[in-house]
Amino acid sequence: VEAQARFRGGQHKASRVRNGGVGIKLGMQKGVFFVAAVIPGGSADLADGLVRQGDEIVAVGEDPVTSTMSMMDVACLLRGPMGEEVAVTLRTRTGYSAGELKTVPLTFQAGEV
């Protein structure tokens, strides 16, 4: 069992649960957090193509993702008790649907953020 910090309401909260990620590699450039890669076989990969490399991460659950957050803050939002679901709001950054917002339910699983 690992100790995991969660970021809620501006504070980290520690819990002793077995946590997992949503199957993405997290990236950040110029204060914008984005999906650097989708991990094959992870929850994001199994979301029918809704999560794509380059998508901006706008919110995780009820928590907006802002430029004032650290990489650790956002990574903590993207981890949680395995088997639980979180709604991740993304902004498409490329292609014909650039700028479109989409909210994708993802399940915390063993592996990457």
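A residue is called buried when its relative accessible area is under 20%. At 11% relative accessibility, Ala59 therefore counts as buried. The structure in which this residue sits is a predicted model.

The protein chain contains one helix and 10 strands. Read from the N terminus, its elements follow the order β-β-β-β-β-β-β-α-β-β-β. The chain has 113 residues, of which 42% count as buried. Its accessible surface comes to about 6,100 Å², and carbon and sulfur atoms account for 52% of that surface. When contacts between residues at least 6 apart in sequence are considered, 57% of them join residues at least 24 apart.

The largest nonpolar core has 22 residues, and the members that touch the most others are Val51, Ile57 and Leu78. At least two residues of this core come from each of strand S4 (24-29), S5, strand S6 (56-60), helix H1 (71-77), strand S9 (85-91) and strand S10 (101-107). The surroundings of Ile57 can be listed in detail. Apart from neighbours within four places in sequence, Ile57 is in contact with Ile24, Leu26, Phe33, Phe34, Val35, Val65, Leu78, Val88, Thr89 and Leu90.

One of these contacts, Phe33, belongs to strand S5, which spans residues 32-38. Phe33 has a relative accessible area of 2% and so is buried. Beyond the residues up to four places away in sequence, Phe33 touches Leu26, Gly27, Met28, Asp55, Glu56, Ile57, Val65, Thr66, Met69, Ser70, Met71 and Val74.

Ala59 is located in strand S6. With neighbours within four places in sequence set aside, its contacts are Pro64, Val65, Ala87, Val88 and Thr89. Ala59 and Ala87 are 28 residues apart along the chain, while their C-alpha atoms are separated by 8.2 Å.

Charged residues were examined next. Side chains of opposite charge can pair when their charged atoms come close. In the whole structure, two salt bridges are found. One of them is formed by Asp55 and Lys102, whose closest N and O atoms are 3.0 Å apart. Asp55 lies in the loop between S5 and S6 and Lys102 in strand S10, so this pair ties together parts that are 47 residues apart in sequence. Asp55 is buried because its relative accessible area is 1%. Lys102, with a relative accessible area of 11%, is likewise buried.

Arg91 and Glu56 also meet through their side chains in a salt bridge, with an N to O distance of 3.2 Å. Here too distant parts of the chain are linked, since Arg91 is in strand S9 and Glu56 in strand S6, 35 residues apart. Arg91 has 30% relative accessibility and therefore counts as partly exposed. Glu56, in contrast, is buried, its relative accessible area being 18%.

Terms used:
Residues numbered from 1 in each chain as written. Predicted model: local features only at pLDDT ≥ 70, side-chain atom pairs only at ≥ 80, totals over all residues. Heavy atoms only, no water. Helix = DSSP H or I, 4+ residues; strand = E, 2+ residues; numbered from the N terminus. Buried < 20%, exposed > 50% of the residue type's maximum accessible area, 1.4 Å probe, protein only. Contact = heavy atoms within 4.5 Å. Areas by Shrake-Rupley, 256 points an atom, 1.4 Å probe, with all protein chains shown as cover. Core = buried A, V, L, I, M, F, W, Y, C linked by side-chain atoms within 4.5 Å. Salt bridge = Lys/Arg side-chain N within 4 Å of Asp/Glu carboxyl O.
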